[in-house]
Amino acid sequence: MLGLNNKDTKFLIIVILLTLSTPFVMQPFSESSAMAQFNGGYPDLMQRVAIFGIFAIGFNILFGLTGYLSFGHAAFLGVGSYSAVWMFKLLSMNIIPGIILAVIMSGLFALMIGYISLRRSGIYFSILTLAFAQMSYNLAYSVLTPITNGETGLQIRPNDLRILDGEGSSTYTNLFGLQMSSSAKWEVWGHLFTFNVGFYVCAFIAICSFYLSLRIFRSPFGLMLRAVKSNQNRMSYTGLNPRPYTLAAFVISGMYAGLAGGLLASMDPLAGAERMQWTVGGEVVVMTILGGAGTLLGPVLGAGAIKYLENIFSKINENVLHGWFDFLPDGLENLLVWVFARFTGDGWHLTLGLLFMMVVIFLPGGLMEGAERIRNRFGSKGDIDETGASTTKPAE
Amino acid sequence: MDQIILQLLNGLDKGSAYALIALGLTLIFGTLGVVNFAHGALFMIGAFCSVTLQKILMISQITIDESKTDFLGNALKVKTPYVEVWFGEATGQAIIDWSVPLAILFAIPIMLFIGWAMERGLIKHFYNRPHADQILVTFGLAIVLQEVIKQFYGANPIPTPAPDVFKGSFDFGTMLGFEANKIIYPFWRIVYFVFSVIIISGVFSFLRFTTFGMVVRAGMVDRETVGLLGINIDKRFTIMFGVAAAVAGLAGVMYTPINSPNYHMGMDFLVLSFVVVVVGGMGSLPGAILAGFMLGILESFASMNEIKSILPGIDQIIIYLVAIIILLTRPRGLMGKKGVMED
Amino acid sequence: MGILEVQNVNKSFGGLKALQNVNLSVEEGTIHAIIGPNGAGKSTLLNCFVGKLVPDTGSVTFNGQSLLGKKPYDINQMGVSRVFQTPEIFGDLTVFENVMIPCFAKRDGAFRMHAIERVEQEVDIREKAEKMLLDVDMADKMHMTASSMSRGDKRRLEMAMCLSQDPQLLLLDEPTAGMARADTNNTIELLARIQERRHITMAIIEHDMHVVFSLAQKISVLAQGTVIVEDLPENIKGHPKVKEAYLGEAAE
């Protein structure tokens with residue numbers, strides 16, 4: 001089906017079901033229970049999971065397949081956001097033109113940056129992308145203020161042009177009239193589930209992105225990208241020019257980043273330069289590694305895990321902690337609260353940093369490798385062979 | 001003319017900081033072959049050593065002074081730092097005043113220890129892993145160190161003044177025969193420049209004139225052979241990592257009066273110092289120094305109004321632009337050796 | 001006129017003259033060995049054939065076309081394949097994928113973006129790769145990760161990769177270096193078989209005289225950057241100039 005073999009079709013269906021059921025999966029606790037604070041099923045968070053999932057899927061096409069570590073992908077995210085907001089301002093609050101322009105612009109940007117950066121490899125490549133990202137960020141803050149609106153960021157105003165929408169039209173992003181922020185709520189057995197338009201738009205696009213990356217992984221092009229990672233020397237002595245292959249991968253992943261940026265702007269029509277900072281590019285690196293670089297599902301899981309945990313951890317402040325350890329004697333309670341408070345609330349980044357280090361040190365293959373190890377320990381082989389090695393097996 | 005001299009001077013202190021960080025980074029590249037993304041964090045920790053010392057010196061004895069009262073008639077609490085209690089008021093105040101230079105002594109053992117612990121505890125396990133893994137794990141460490149500092153010192157910059165003696169400015173203009181007040185330059189920046197020159201020449205002479213340094217240089221060229229000669233090169237490289245950490249830390253200590261330290265200063269300097277290293281040529285110590293000063297000076301020239309009016313925004317990107325051009329035309333940087341970090 | 005013609009090639013690195021006025025002609029359909037003591041310039045010469053180095057002066061032509069200034073992948077696309085001294089393979093990929101890649105390169109050229117097609121459905125490529133693996137007796141190792149194999153197997157895989165492109169000229173850089181005698185004999189047999197069946201022209205750099213004299217139809221002896229003798233194997237044995245090159249002047 002859809003040009004996939006049976007195994008991959010099954011895999012894709014599982015991913016689709018998982019994505020569509022996110023409002024349930026991320027909302028496991030009843031509203032009245034003490035655990036309700038760990039629910040993550042609200043629109044904003046779910047949208048971000050889907051969007052950063054797209055970002056990570058794209059990044060993985062570059063890093064996971066070719067091994068080129070870019071720290072500059074935040075620039076494309078930013079370019080995507082700015083382009084989308086400009087479309088909203090000039091043309092229409094319908095998200096389609098905005099997203100299309102975001103993908104095109106980031107693709108052009110990636111072509112330019114990639115063409116230059118890919119002349120070098122290894123650490124030099126990483127530093128070149130870093131330099132480009134930092135340059136775009138600085139420019140967005142300073143000279144490009146007419147386009148980016150500097151520190152304030154680009155925003156929608158009621159008196160914007162919006163040629164297609166006409167005067168006095170709404171300033172909410174929509175898809176042919178369907179507002180991104182509108183949601184349906186469903187209350188059942190004390191659980192509250194939110195079905196948000198914006199999330200489902202993001203989820204649909206995320207599924208398409210995943211499908212496309214699945215096709216790339218299984219294609220001769222994907223095989224060539226893995227060859228780039230494995231041995232470029234052999235590749236060129238085999239009559240293949242590695243440069244256009246890596247450039248193509250770079251542009252594709254840049255377009256994914258632009259798509260993610262466009263979607264971010266579509267959910268919340270605002271674009272700021274801080275989205276272009278290299279540490280944001282570092283975040284997608286963290287997500288991809290955490291989930292498992294080079295695997296299909298890993299980056300999505302990584303993005304989901306980080307965005308979910310970020311939300312939960314940031315919410316746990318000292319009051320919440322005091323609530324938890326209330327039953328302990330005062331001294332011990334205060335001690336435990338102090339210790340935990342270092343890692344929660346504002347300390348989330350500390351937890352993230354530690355988690356990331358642990359993964360790089362002990363589980364270089366990320367969560368997917370962890371799952372693999374557990375599966376091997378219990379002796380049973382799962383259905384889905386993740387590494388892409390299945391491409392070598394004869395067609396069924 | 002006076003403008004040019006002024007910008008040249010302005011570039012020197014930034015260039016000094018770049019050069020010092022890049023020097024440490026290059027030492028680590030050259031000896032251990034490790035790409036250390038946590039190096040900016042070491043610079044930041046150095047800066048916070050100086051903050052910490054200042055805080056320690058300010059620990060005060062609280063006495064109640066019955067002779068003074070506040071507007072409610074309560075006796076005033078008077079805080080007297082212990083150093084003043086112990087050493088007498090004048091000496092005590094002088095010690096506090098000189099806390100930044102004193103922090104050098106305080107920072108050296110701390111930074112050496114942190115460097116040693118980092119190498120033995122973490123970096124050691126990554127020698128045989130790909131460079132990408134080294135980048136990733138040290139990037140993770142950088143996040144952790146930065147967040148730990150943020151937890152203890154908060155997110156706001158903490159002012160750490162230089163000693164009173166150095167607070168003024170020096171009028172270079174009159175010395176060179178220009179009008180007064182044309183070229184004025186803060187004393188502390190001169191101190192910083194001199195300090196960095198001392199450190200740089202210290203490191204160079206250590207490598208050049210001591211047996212230890214000779215072995216290390218030999219090891220940088222061919223680690224295996226030196227190891228086969230029965231020399232414990234690993235141990236020396238660990239020490240060099242400590243030295244590199246100390247250089248970064250001292251650069252941070254002395255930088256505090258120029259810019260109040262905050263928790264993300266490490267990340268801010270990291271990208272720039274990597275660019276410096278790449279421009280200088282990976283693995284080349286003189287290259288790192290040269291590129292550090294060159295880029296610092298270029299940056300301050302680019303921020304001149306005359307230049308900005310021709311090329312708006314050039315001051316924001318000049319360093320990156322130079323780096324990109326250098327990397328593309330001279331892939332090994334200004335003074336890089338063949339085959340360093342080339343895949 | 002040979003398939004590979006080298007004329008008056010000079011190459012120096014700094015002050016060191018690695019190649020001086022090298023002339024060489026490889027006849028189509030033959031196995032041509034290039035021998036010589038260490039540092040004679042054999043590898044430098046080979047690198048000039050594949051585009052890794054560009055000679056300072058002189059010409060290198062393949063089928064009448066100049067190879068100078070061409071990129072390695074262009075030269076490969078013209079029909080020149082190379083086997084390295086230490087096997088260069090795609091270590092992370094399976095043996096089967098390793099052989100499929102050169103098949104793709106042969107069919108699609110230096111770059112072609114087949115991003116939507118499935119590798120599984122490329123029947124012609126798969127059949128060709130499978131046949132190639134059968135040819136070198138590696139069909140049973142098809143799904144192994146290439147880096148996990150023994151050195152001998154890696155070497156054979158590399159040869160299979162080169163042969164799957166049906167090259168007109170196969171360059172081999174010390175194909176038996178570091179091999180045990182039994183493996184060496186296997187390699188000799190394999191190369192002889194290939195030559196017999198496919199009539200591929202080969203140029204071999206080799207130290208092991210056993211290999212050279214079992215395979216070569218013509219031998220060039222390189223010493224100090226110049227070809228001192230080019231002749232049939234039987235004339236090379238005992239040739240005074242060759243002795244001199246190998247044993248130094250004291251041998252006279």
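B:Ile149 sits in helix 6 of chain B, where helices (H or I, at least four residues) and strands (E, at least two) are DSSP runs numbered from the N terminus. This is a predicted model, so local features need pLDDT of at least 70 and side-chain atom pairs count only at pLDDT 80 or more, while totals for chains, interfaces and linings use all residues. Residues are numbered from 1 along each chain as its sequence is written, and chains are lettered from A and ligands numbered from 1 in the order in which they are written.

Is B:Ile149 buried or exposed? B:Ile149 is buried, because 23 other C-beta atoms lie within 10 Å. The cut-offs are 20 or more other C-beta atoms within 10 Å for buried, 12 or fewer for exposed, and partly exposed in between, with C-beta atoms placed from the backbone. Apart from neighbours within four places in sequence, B:Ile149 is in contact with B:Met44, B:Phe48 and B:Tyr263; contact means that the C-beta atoms of two residues, placed from the backbone, lie within 7 Å. From B:Ile149 to B:Met214 there are 65 residues in sequence and 37 Å in space, C-alpha to C-alpha.

The buried residues of helix 16 of chain A are covered by elements including helix 12 (278–291), helix 13 (298–315), helix 15 (330–343) and helix 17 (366–377) of chain A, together with helix 6 (131–153) of chain B. Those buried residues are A:Trp348, A:Leu350, A:Leu352, A:Gly353, A:Phe356, A:Val359 and A:Val360. As for length, helix 16 of chain A has 15 residues (348–362) and should span 21 Å at 1.5 Å a residue; its end C-alpha atoms are 21 Å apart, which agrees. The expected span is 1.5 Å times one less than the number of residues.

Next, the core. The largest nonpolar core has 291 residues, and those touching the most other members are A:Phe55, A:Ala260, B:Leu23, B:Val247 and B:Val275. A nonpolar core here is a set of buried Ala, Val, Leu, Ile, Met, Phe, Trp, Tyr and Cys residues joined through C-beta atoms within 7 Å. Leaving out residues up to four places away in sequence, B:Leu23 touches B:Ile200, B:Val203, B:Val247, B:Leu285, B:Ala288 and B:Ile289. In soluble globular proteins, nonpolar side chains tend to be buried together.

Now domains, with bounds from an automatic or database domain assignment. Chain A is divided into domain 1 (40–315) and domain 2 (316–383), and their C-alpha centres lie 28 Å apart. Across that boundary, 16 residues of domain 1 of chain A are in contact with 14 residues of domain 2 of chain A. On the domain 1 side, helix 12 and helix 13 of chain A are the elements giving two or more residues, and helix 13 of chain A gives the most, with eight. By class, that side has eight nonpolar, six polar and two charged residues. Ala, Val, Leu, Ile, Met, Phe, Trp, Tyr, Cys and Pro count as nonpolar, Asp, Glu, Lys and Arg as charged, and the others, Gly among them, as polar.

Which chains make the most contacts? Of the two pairs of chains that touch, A and C have the most. There, 29 residues of chain A are in contact with 34 residues of chain C. Helix 8 (197–218), helix 9 (220–230), helix 10 (232–237) and helix 11 (242–267) each supply at least two residues of the chain A side, and helix 9 of chain A gives the most, with seven. That side has 12 nonpolar, 12 polar and five charged residues. No contact joins chains B and C, whose closest C-alpha atoms lie 14 Å apart.

Last, the strands of chain C. Four strands form an open sheet in the order 2-1-4-5, with antiparallel pairing. Strand 2 (16–26) and strand 5 (65–66) of chain C are at the edges with a single partner strand each, so one side of each has no neighbour in the sheet. Pairing requires at least two bridges found by DSSP; strand 1 (4–13) and strand 2 of chain C are antiparallel over seven bridges, and C:Glu5 has C:Ser25 in strand 2 as bridge partner. Strand 9 (218–223) and strand 10 (226–231) of chain C pair over five bridges, also in the antiparallel sense. Their hairpin has two residues between the strands, and C:Gln224 takes a positive phi near 45 degrees.
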